[in-house]
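Subject: Structure handover

Hello,

Here is the structure I promised to pass on. Please open it and keep it beside this email while you read.

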Amino acid sequence: LYLNAGKRGVTLDVDSTVQRERLYSLLQSADVFVTDFEPARLVEFGLDYTRLQERNDRLVVTCVSFFGQTGPYRDFKGTDLIAWHVGGLGYETPAHAVTDPETQPPLRLAGEQASYLSAWVAATGTALALIHRDRTGKGQLVDVSSMESIANIVRGSLILHPYDVSRVPRIRRKSGFSASAMFQCKDGYISISLSQAHWWESLTTAPGAPPELRSPKYAGPSGRRAHANAIEDLITSWFMKHTRAELFEVLNALRIPVFPLNSLREVTDSVQYAARKFFVEQDHP
């Protein structure tokens with residue numbers, strides 16, 4: 001219901017020659033055709049880019065598949081889970097949190113995250129193709145591979161791997177004070193990012209901050225990594241005296257990236273969301 005809100009739909013059976021002709025007719029005046037058919041199925045139904053371009057050369061054709069329209073994996077079957085792990089993000093999950101790699105396996109995030117990330121890439125590529133079409137009058141093929149979409153999120157690890165595998169960071173292992181962390185406070189948890197030196201400096205001078213955080217041994221990144229557990233204990237003991245709202249007000253004023261972790265009930269009861277009419281009742285059969 002969420003993903004299809006605001007859309008109008010028609011159901012066609014592409015196995016039917018008559019209904020497939022109806023689809024071809026719709027595509028004559030369409031701006032974009034988005035499909036998740038496997039490459040072989042597109043050819044079978046005459047929906048591959050070459051034949052669609054012959055019918056409407058202004059059409060942007062966005063093909064979202066697990067392994068792309070070309071290459072040795074193109075006909076392999078996939079799932080959201082497979083795309084997540086083959087793309088490498090399973091290895092990075094959870095990041096900076098694993099203390100025993102042998103017993104803490106790579107994880108998959110909740111929901112259909114690989115599909116959402118692939119769709120994000122597809123939406124961006126489609127928007128760019130439409131801009132190109134507006135300038136040139138010609139449509140394009142937007143070929144989106146879920147595996148490549150996920151691999152792109154891994155960034156540095158993937159780039160380093162072909163050059164020197166020994167330099168690939170052990171991003172799952174808890175090797176120090178991580179770039180972002182959750183801390184317990186009086187009424188739940190709050191997350192802050194301390195990856196930049198000026199954010200750390202701001203934290204140490206915040207009202208109520210333990211004086212020990214200003215110790216010279218915590219001054220640089222290497223010092224904070226070496227004393228990660230002691231720092232976490234100091235911050236937690238400080239935060240446990242305050243609520244999420246109190247900490248957000250203080251840390252946000254210091255321009256430290258910070259946000260409280262809310263329950264679903266707190267999200268739906270949010271005064272801000274209510275003012276924005278963010279949630280609406282949806283009638284659907």
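This is a predicted model: local features need pLDDT of at least 70, side-chain atom pairs count only at pLDDT 80 or more; totals for chains, interfaces and linings use all residues.

Residues are numbered from 1 along each chain as its sequence is written, and side-chain values use heavy atoms, with hydrogens and water left out.

Start with the largest pocket. Its volume is about 1500 Å³. A pocket here is an open set of points on a 1 Å grid over the protein atoms alone, where a 1.4 Å probe fits, with protein on both sides within 12 Å along at least five of seven lines. Lining residues have an atom within 4 Å of a point. The volume is the space filled by probe spheres set on the points, which are joined across faces, edges and corners.

The lining has 40 residues, and K7, F33, V34, T35 and D36 lie nearest the centre. Two or more residues each come from α1 (17-28), β1 (32-35), β2 (60-65) and α5 (113-136). Helices (H or I, at least four residues) and strands (E, at least two) are DSSP runs, numbered from the N terminus. Which element gives the most to this lining? It is α5, with seven residues.

Strand β2 also holds T62. T62 counts as buried, because its relative accessibility is 1%.

Now the rings. Rings of Phe, Tyr and Trp (its six-membered ring) pair if their centres lie within 6.5 Å; planes under 30 degrees apart are stacked, over 60 edge-to-face, the rest tilted. The count is nine aromatic pairs. F278 and F279 are edge-to-face, because their ring centres are 5.0 Å apart and their planes are at 80°. F278 is partly exposed at 43%, and F279 is partly exposed at 46%. Elsewhere, ring pairs link F67, Y73 and F76 into a cluster.

Best wishes

Definitions and conventions. Buried means under 20% relative accessible area, exposed over 50%, partly exposed in between (1.4 Å probe, protein chains only).
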